[in-house]
Amino acid sequence: MLERYEVEAFLTLAEELHFGRTAERLHVSTARISQTIAKLERRVGVPLFNRTSRRVELSPVGRRLYDELAPAWAEINAAFTRAVEAGQGVTGTLRVAFTDVAAGQLLVGITQLFRTRQPDCEVQIREAQIANVVPWLRDGEVDLALTDLPMRGPGLVTGQVVVREARMLAVPSAHPFARRTSITQEDLARVKLVRLPGSLPASYRDDRTPARTPSGRPIEPGPAAETFNEILTLVSAGQGTFPVGAHARRYHARPDLAFVPIQDAPAVEWGLLWRADNATARTRAFNQAAHDLLEHP
């Protein structure tokens, strides 16, 4: 049998791939994590992680163990949480983050509907930079985040899509594309795309800043940016372009920028995101409120 601390140490290290960060998340010493993993590996009989002086990686056996253990552990935690919540009801405090001014406005409406249904639950709202969403959720800084998708990752759950909007390309106002009524995804081979932080899930980076067009033509990467305002500033400076949702024309209108529809691109989707092991009654009720508000505005 595995002890709880052994499961948590293994799963957390599999996500962080760094002994120091794992120890920090679990509030124990790095030595404790190393000893726990070494003990597990002796019991298994093979390494669960491949270690070098510069990086830590899951071994093939470790990857299989993680893939099979993580969902089961999330279900165990969720089952216990549901049992507790069934006795306590939807009370306490729910902390929700948003990543854009448009999302903030939408979040206000969701919160108002939620509060009419759950008057005993307080909602605290915080703004997050896009790069902070996953770390804040994993570290327990917030319970949910209203953000653009996709944000796939181990232990993360995405609720129903609440908003879909046309995808556009932000370009300098003097750019040749600014004079066009629309462009196609193949036109992206003619521009640079501002790069996103590496801390964001690969699913999000691949969606916003693909390396190639649908036909396989390469798309040149531009400089990296950490925040949305920094992205728009780099675009304005002529250092790259960036795909955005149609709401940017209203909420981020600037005389130095133009937003051009990408006619054949998939819609930009928005939804709530939370940790699988934090699927509380509060979380589920808030997600339901978001769905109901947009289904029956």
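Student: Which residue in β11 stands opposite P172?
Tutor: L257 does. Keep in mind that this is a predicted model.

Student: How many bridges join β7 to β11?
Tutor: Five, and the two strands run antiparallel. β7 covers residues 167-172.

Student: What is the strand order in that sheet?
Tutor: β10-β7-β11, in an open sheet of three strands with antiparallel pairing. On average, neighbouring strands are turned by 40° against each other, direction ignored.

Student: Which helix packs on the sheet?
Tutor: α8, residues 228-236. It touches β7, β10 and β11, and its direction makes about 55° with that of β7.

Student: Switching to α3. Which of its residues are buried?
Tutor: I33, T36, I37, L40 and E41. They lie on the same side of α3, because they cover an arc of only 135° around the axis.

Student: Why would residues a few places apart point the same way?
Tutor: An α-helix has 3.6 residues a turn, so that happens at a spacing of three or four places.

Student: What covers the buried residues of α3?
Tutor: The cover includes α1 (4-16), α2 (19-26) and β1 (49-51). On the face turned away from the buried side, α3 carries the exposed residues Q35 and R42.

Student: And what comes just after α3?
Tutor: G45, which takes a positive phi of about 100°.

Key: Residues numbered from 1 in each chain as written. Predicted model: local features only at pLDDT ≥ 70, side-chain atom pairs only at ≥ 80, totals over all residues. Heavy atoms only, no water. Buried < 20%, exposed > 50% of the residue type's maximum accessible area, 1.4 Å probe, protein only. Helix = DSSP H or I, 4+ residues; strand = E, 2+ residues; numbered from the N terminus. Arc of directions from axis to C-beta. Contact = heavy atoms within 4.5 Å. Pairing = 2+ DSSP bridges. Axes fitted to C-alpha atoms, helices over the stretch in contact; angles between N-to-C directions.
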